Number of protein chains: 4
Amino acid sequence: MLTIGVDIGGTKVAAGVVDEDGEIVEHALRPTPADQPDLVAETVADVVGELAGGREIEAVGVGAAGFVDETRSIVRFAPNLAWREEPLQKKITGLIGLPVVVENDANAMAWGETRFGAGRGQTHVVCITVGTGIGGGLVFDGKLYRGRWGMGAELGHIQVVPEGRLCGCGNLGCWEQYASGNALVADAREIARQQPERARILAELAGDKIEGEEITEAARKGDDASLAAFASLADWLGQGMADLAAILDPSCFIIGGGVSRAADLFFDRAKETFARQLTGRGHRPLADIRLAELGASAGVVGAADLARQR
Amino acid sequence: MLTIGVDIGGTKVAAGVVDEDGEIVEHALRPTPADQPDLVAETVADVVGELAGGREIEAVGVGAAGFVDETRSIVRFAPNLAWREEPLQKKITGLIGLPVVVENDANAMAWGETRFGAGRGQTHVVCITVGTGIGGGLVFDGKLYRGRWGMGAELGHIQVVPEGRLCGCGNLGCWEQYASGNALVADAREIARQQPERARILAELAGDKIEGEEITEAARKGDDASLAAFASLADWLGQGMADLAAILDPSCFIIGGGVSRAADLFFDRAKETFARQLTGRGHRPLADIRLAELGASAGVVGAADLARQR
Amino acid sequence: MLTIGVDIGGTKVAAGVVDEDGEIVEHALRPTPADQPDLVAETVADVVGELAGGREIEAVGVGAAGFVDETRSIVRFAPNLAWREEPLQKKITGLIGLPVVVENDANAMAWGETRFGAGRGQTHVVCITVGTGIGGGLVFDGKLYRGRWGMGAELGHIQVVPEGRLCGCGNLGCWEQYASGNALVADAREIARQQPERARILAELAGDKIEGEEITEAARKGDDASLAAFASLADWLGQGMADLAAILDPSCFIIGGGVSRAADLFFDRAKETFARQLTGRGHRPLADIRLAELGASAGVVGAADLARQR
Amino acid sequence: MLTIGVDIGGTKVAAGVVDEDGEIVEHALRPTPADQPDLVAETVADVVGELAGGREIEAVGVGAAGFVDETRSIVRFAPNLAWREEPLQKKITGLIGLPVVVENDANAMAWGETRFGAGRGQTHVVCITVGTGIGGGLVFDGKLYRGRWGMGAELGHIQVVPEGRLCGCGNLGCWEQYASGNALVADAREIARQQPERARILAELAGDKIEGEEITEAARKGDDASLAAFASLADWLGQGMADLAAILDPSCFIIGGGVSRAADLFFDRAKETFARQLTGRGHRPLADIRLAELGASAGVVGAADLARQR
C-alpha cells in the first residue's frame, strides 16, 4: 500500500509517493507560497493530486516547520510561515478527501532516517538536523517521542550560553545560535569584518555576499576564517550532544540537514568534543554518531511512513 | 504479593516491605558502611533478611547513587561509594536467594512518585531530586526511561555555563553546581564572606558552620544573603526546567530531594522563571510543576515497585 | 601666534587655523586618499599650504587614528589606513617646512576638550570618543598622558567579556565591541533579524540597510529594537566608566564622538549604570560625566594646541 | 634626616625608621587591635614613640588599607578595620606632635618599590600587590598618581567577568576574585572538593584546612589541583595586565604582595598570557614585568619616603 509524504519547506514543497520499504516511487515539487500561508494547503492538495492520479493512496503525511499539536492536526506556531493555530490537517483533508497526519518536519526526518536510513536497528535515536537553525527528532524503541503536547525535541532551543546571542524564539543563548548554518555565517562574517587578513580566500569567493556555500568552499581551500567558523560549529555541536547524552543516553545520534553536506569540515571534531565532554566518560559506552543517509528526501519518506503508521 | 525496596544512601541504608498499592508495611534502617563499599551488599542482605522474616517476598529492588548498567545489575561508577563496575545484583542475590533489581536511586524515586505520589495520572514525567547534587528520573507513558545503557536522566550534568564552576564529574558548568543544595551552601557562604553585613542573621545562627539547615532558617527570618542564595537556586532551577521542556515537553515536573523541604523559599520563583524562559511560551501549555509527595520514602517505594514489575 | 590643526579621518581630512584661545580662524577640508595611504602626507601638506597662505604659522599638529610612537613622529599601526611604521611627521615636515607634531586622534580630541571645551578647569579628565569604535584620551593635571611609548588610552581595547565578541585588534571581548556605534548597529540588526516584530519602525525606515542614523531615528520614534540597542550601549558605557574610575579616579568623564549626538537616547542611563557599578560607591564623590562641547572640531583644535605646546 | 614609616596590616602594625636612601635603620612591630579600630591610632603613636626615642624625626607616613581621601588625612572606608570616615591623620598627629601623612597601603608599597626597589629608573610604573585581595599603585614620572579624590589605583575592582564572582566591595566579577590569594584558595578548594583524585598531595598536606601555604607546597610537589589553581591565577593576572597596558602603557609592572613569594609557580605563565593578550602586540614594545624587591618592608619604606616628600 502506498502513502504520500509532503515536506513543506521555506522555499519549496517537496512530495513523494512512498512504498512500504521507504522507496520513493514518484516525486514532485512546487514553490512554497511563502507570502500567502493560507494557500499552502492548496499547494499541498495540488501536488498530492498530481501524485495520486491513478494510484490507491492510503494516507498523506505532511511535515512542516513549527510546533505541531499533539493531535497532529494544528500548527500552533511556525516562525517562517507566519502560521498561528493553523488547522492544516483539516484544510488538507477537506481538499483531498484522504486521511492526513501533520508532523513537525524534523520529527518526520528523524522517523525517516530511523526506519530506512542511518538509524536502522537503533533503539534510542537522537536526530539533529543542522540547517539554518537546528531541528530535532527523538525515536525511542521504534516510536517517535513527541512529548505531552507534541512540542518535544525542540533541541535548537536549549540554552547553552546564559545571556548569550538573541534567538528568533525570543530567548538568549539558544543552541541554534551557536551550532547551525546561521551561526556559521554569522561567525565567518564577524571574522571577515574584524580580521580581513584571515578571510582573504573567502573574500575572493564571496565579495561581501558571504553565505554558507562560500564559507564551505573557502574552508576547503584553507581559508582561516572559514575553518575557524566550522571549528566553532563543531565544538558547540559536540557539547550539545554531550548534554543530550546526559539526559537521554541514546544509542545513536544522526546528524542531518543542509550543513551536514559539509561534514568533512566539522564531523570528526564534533565527535572528539562529544567524547571529551560527555559526563561519566570512561565508565560508559559512547553513542554512535552518524551522518544522515537519506539526504533531502528524509522528510518526505518519514512523513509518508508516519501516515502509514497513523 | 509483597516486595522489598532498598535505598542505599551516603549515610544510611533504608529499606521497606511494600505492597501493591505502594504502602510501606514495615521498614528498617542500617548505617551505610561507607568506608567499606564491599560490605554494602551484606548490609542490604541483612536488612532484607530482617524484613523478610515470615513473609513471602517476591523480589527486591535496590536503589543506588551512580551509573547503573542496562541490565540493572552492575553499578559502573558511583562517586560517593567508590564503586567501579560493582556487580551489586549478583552479590545481593547470592546472599538472599531472591530476584534482585538494581536501579539508579533517582530513577527509583521518580518511579515511586509517578506510580504513587505527585505524578499519578501523568503521561510524561520529569522528576528532579534536588539534594546535595541533582538527580533525575524520566517516566514516559508509564515506563521508566533508562536510555540505551541505563545511564539516562543524569540531569545534574547538563552544562549550563560554559567554562563555569567545576563539577565532581570533571566537567565545568554542570547544572548541579548552580541549582543544588551544594550550590545553595556555596552561594550563601560566598555572600557571607564577601558581604558580611548581608548575612548577619545567618552568622548568628551558624557561626562559621554554614550549612543548608542554617541557610533555610536564616532565610525564613529574612536574612538577605540566604534569600539571595535561594533566589539564585530558584532561577537556575527554572531555567533548567525550561531547557528540559524544550527537549521533552513533559506533562509534569516533580521536584523532590532534601532541598524541596524548603520549597516555600524557592518554588514560586522557580515556576515563574520557568514560565518566562520556556521556548515557544504563549503558544503551548505549561507543564505542571509539583512537589514530591512521598518524601524520603519515595526511593524505597519506587525500588520495591520496580522489582515487582521486573 | 597661530597654529594649524589637522584631523585625518577615514573619509576626510579636516584642518583649521587655530588661535591661542582655541578659536578656529579658518578651516578647510579634503577627501582622504584612503586607498593610497602614501598620499596622505601630501594631502595634509596641500591643505596646510592653502590655510597658511599669507599667515605666520608656528607649527602644525596632526591627529591620526592609530598607535603613534612616543616621539610623536611615527604611526606604528593604523587599522583603517593600512599604515605600518609610517614616518608621517618626517614626510609632512619635508613637504611644508614647519614643525609638525603627530598625535593619536582621540588624544587630540581629549586635549581640545580639556583646554577649550567640556573639561575646562578639570584636573583629571578621561575622554571617551564613541564613534564606530571607542577612542580614549587622558589629561591629568593639565598634561596629556601618553604612557611610556605613546600607546596609552586605548580604552576601546579593555576586555570586558571573556571569550566575547571578536575585535578588529584580534582579541575577544573588547569594550568597543559592546559600547560603540558598531556595537549599536550589530545589536539592532541582530534583534531585527531574530525578532522582526520588535523592529517594525526600524524596518520601515531602513529596509535592510540598517545603520546608526536609522537606528537613532527609529529609537526616537519608539522602535523597541532600537531602544534596546541603545540601552545595551548605555549599560556597557556605564560599566566601562566604573572600571576606569576604579583605576583612575577622574574628576570628569567627557563623552564625545559621533554617537554622542544621540545622547538623549543613552546618556542618562549610562550615568545611572556608572553610579550603580562604581566600586566604593557611597564612600566617594562621583565624577562628573559630560558631553563633549566642541563637536567635530575638537580634533583640529586639540591638534593645533598640542603643536603650540610642543 | 630620618622619617618613620608605618604599615597598618590586618594582624600587625609594622614600623621603621627610614633614611634618605630608603634604608630601615630600626624597626618595630605591634599586634593590630583589629577589634578596636579606635585604638589603632594609639598603637601607631606607641610604636612611633618607641622608634623615635632619641632621634630627630621629620615626619611620619602611615599606610593603611582602604580608600584614603585626597588630603591624605581621612580613611573614608576600610573593609578590614571597619573604619568609616576615620580622621586618622588628626588622631595620630595629636598623639605624637609630628607631621603625619596617611596613604593607601598599596600606594605606599608602589612608591617604595619605585624609589628604592624594582621600579628604579622607570617612568611609568604599575604596581600590583597580590595578597588576599589585589591592591594597586601607580607612579608616573616620579609622582604617585592618586586621582582626583585619592581613590585611584583600586586595581582589584575592575570587572573582568560580567555577573561573575561576588566581591567584598559589593560588585560581581572583580579582578581580585580571580587573581588573588583568596582566589587561589577558592579554586584549589573547589577542585579538591569536586575532584579529590587531583588533590591527593594537597589533601595529605592540608587535611581539610587548605590555605595558601599548603597549596604552594603541594604545587611544588606536583599536586595537580594546586598547579591548576596557580595556572588560573597566572592567566587572570596576565589578562589584567594586558587591560591595564591598554589604558596606561606602562614601562613596567611590579608584582608584589604575599602571593608573589610563590612566583616560581605563576610568574612565567602570567608574562606569557600578558604578551599574548596585549592589544596591538607586535606593533609596540612589551612592558617589563618584575617582581617586587623590598618584600614585606616596601610599605614601611614607601610610607616613610612619602612623609619625607610631603
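How far apart do the closest C-alpha atoms of chain A and chain D lie? They lie 10 Å apart, and no contact joins these two chains, where two residues count as being in contact if their C-beta atoms, placed from the backbone, lie within 7 Å. Chain B and chain C are likewise joined by no contact, their closest C-alpha atoms being 10 Å apart. The model is predicted, and local features therefore need pLDDT of at least 70 and side-chain atom pairs count only at pLDDT 80 or more, while totals for chains, interfaces and linings use all residues. Residues are numbered from 1 along each chain as its sequence is written, and chains are lettered from A and ligands numbered from 1 in the order in which they are written.

Chain A and chain B, by contrast, do touch, with 34 residues from chain A and 34 residues from chain B taking part in the contact. On the side of chain A that touches chain B, β6 (75-78) and α7 (224-248) each supply at least two residues, and the largest share, 5 residues, comes from α7(A). By class, this side of chain A has 15 nonpolar, 13 polar and 6 charged residues, where Ala, Val, Leu, Ile, Met, Phe, Trp, Tyr, Cys and Pro count as nonpolar, Asp, Glu, Lys and Arg as charged, and the others, Gly among them, as polar.

Within chain A, 5 strands form an open sheet of mixed pairing in the order β3-β2-β1-β4-β8; helices (H or I, at least four residues) and strands (E, at least two) are DSSP runs, numbered from the N terminus, and two strands pair if DSSP finds at least two bridges between them. Because β3 (24-31) and β8 (100-104) of chain A stand at the edges with a single partner strand each, one side of each is left without a neighbour in the sheet. Strands β1 (residues 2-8) and β2 (residues 12-18) of chain A run antiparallel and are joined by 6 bridges, and A:V6 stands opposite A:A15 in β2(A).

The domain assignment, which is automatic or taken from a database, divides chain A into domain 1 (2-111 + 297-308) and domain 2 (121-291).
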